[in-house]
Amino acid sequence: MATNLEIIPINEWLDCKEHPLVISGPCSAENEEQVISTAIQLAQINNVKVYRAGLWKPRTRPNYFEGVGSKGLAWLQRVKEETNLKVAVEVAKPSHIEKCLAHGIDILWIGARTVVNPFSVQEIAEALKGVDIPVMVKNPINPDLTLWMGALERVNKSGIKKLVAVHRGFYSLNQSKYRNPPMWEIPIELKRLVPNIPIIVDPSHICGNKELLLDISQKAMDLEMDGLMIESHIKPWAALSDAKQQIEPKNLKLLLENLVIREMSGTKEFENKLTSYRNQIDEIDDELLDILGRRLKIVDEIGQYKNEHKITILQLKRWSYIIEDRLKKGLKHNLDRDFLQKLLELMHAESLRIQTEIMNKNPEN
Ligand code: PEP
Ligand code: MN
């Protein structure tokens, strides 16, 4: 359900004329030298306005590097003194917030593992009451848009208006080349339901490796996302967390130079042509919906008929025939095989649902 959050746009609290806004820095602060030298190199890249570094690291298993903790706050204060970067830290509980505020941290973020837990988010929100600080809310690990929205709402209710969503990909059981597949439909739906929420894309945690970073960053730009959060380390190969996905500042610079930034809207002529394409799509969608309605009506009739004659719903032979036949025909129309397969499975599932409903309503048959 759509929600109206009171949000102050990023450019009203952060000096970021360059597009895209880039937040960068190591996954974890490890030592003072690493923090400072990474920051000095990043500060030379125009788009980078915010320096990120994890101090308290949520690790899946114990006995891994869990961050340097409060010790790193002083290093980030040095980053502020020695560069023009703002500094951002992940907070997972009220005590983290208290320490960050005491050390002049500019921006806080709530991590994916915290956002899954409304109790933790609520505690954080309570601790933020009366505080004027920008907060970024990462999506929860599981692909649950309402949980993400819920966290944004809780933080916003506490009076935080400098609010940003960070899209870092989602956990999926399916095999994927990504560490956390982007499932773009979810952030796009977030934009539809909360139109004024800025969304920053975190290609590092989506990809899990450096090879795919450019593709995802480009996609983020083409989908009109508001910025990028990319992990950077002076020696990624020696990083104590997320080593495979971090890049050197010089490679971040290269990546940004390779991004194609397209215009969000074009000339009058372009807009007219686009409108005409869109009108065609509207008409075709009307036809599609009409056809779909007619198809399902026949499914309903088949369901009644099968029910009257005590015939089972799933007819495997028929289903195998449909899949084979429609895939063959669809390929001739240049439709993608995976897309077509998914579409057919979706239609089949709906047919089964309709027919099951009919049988359940008439159990005596
Ligand atoms: C991070 O930003 O280093 C991090 C832990 O990310 P996430 O919460 O998205 O896993
Ligand atoms: Mn990380």
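**View 1. Strands 2 and 3 pair side by side.** Strand 2 and strand 3 run parallel and share three bridges. Pairing here requires at least two DSSP bridges between two strands. Helices (H or I, at least four residues) and strands (E, at least two) are DSSP runs, numbered from the N terminus. Val-50 has Lys-86 of strand 3 as its bridge partner. The chain passes from strand 2 through helix 2 to strand 3 in a right-handed β-α-β crossover. A crossover is right-handed if, with the strands pointing away from the viewer, the path from the first strand over the helix to the second runs clockwise. The model is predicted: local features need pLDDT of at least 70, side-chain atom pairs count only at pLDDT 80 or more, and totals for chains, interfaces and linings use all residues. Residues are numbered from 1 along each chain as its sequence is written, chains are lettered from A and ligands numbered from 1 in the order written, and side-chain values use heavy atoms, without hydrogens or water.

View 2. The order is 1-2-3-4-5-6-7-8, with parallel pairing. From one strand to the next, the twist averages 30°. Axes are lines fitted to C-alpha atoms, for helices over the stretch in contact, and angles run from 0 to 180 degrees between N-to-C directions.

**View 3. Strand 1 meets strand 2.** Strand 1 (residues 21–25) and strand 2 (residues 48–52) run parallel, joined by three bridges. Ile-23 stands opposite Val-50. Ser-24 stands opposite Tyr-51. Five of the five residues of strand 2 are buried, so the strand is largely enclosed by the rest of the structure. Buried means under 20% relative accessible area, exposed over 50%, and partly exposed in between (1.4 Å probe, protein chains only).

View 4. Helix 2 (residues 71–82) lies across strand 2 and strand 3 (86–90). Its direction is at about 160° to strand 3. Helix 9 (residues 213–222) touches strand 7 (199–201) and strand 8 (227–231). Helix 9 makes about 165° with strand 8. Contact means heavy atoms within 4.5 Å.

**View 5. Leu-21 sits in strand 1.** Leu-21 belongs to strand 1. This residue counts as buried because its relative accessibility is 4%. Beyond residues up to four places away in sequence, Leu-21 touches Ile-10, Leu-14, Cys-16, Asn-47, Lys-49, Ile-200, Asp-226, Gly-227 and Leu-228. Leu-21 and Leu-214 are 193 residues apart in sequence and 15 Å apart in space, C-alpha to C-alpha.

**View 6. Tyr-178 lies in a loop.** The loop runs between strand 6 (163–167) and helix 7 (185–193). Leaving out residues up to four places away in sequence, Tyr-178 touches Ile-206, Cys-207, Leu-212 and Ile-216. Tyr-178 and Ser-204 are 26 residues apart in sequence, with 9.9 Å between their C-alpha atoms.

**View 7. Helices 12 and 13 cross.** Helix 12 (residues 316–332) and helix 13 (residues 337–361) have axes that come within 10 Å and cross at roughly 145°. Residues that meet include Trp-319, Ile-323 and Leu-327 in helix 12, and Leu-340, Leu-344 and His-348 in helix 13.

**View 8. The protein divides into two domains.** Domain 1 spans 10–257 and domain 2 spans 268–361. These bounds come from an automatic or database domain assignment. The domain centres, taken over C-alpha atoms, are separated by 41 Å.
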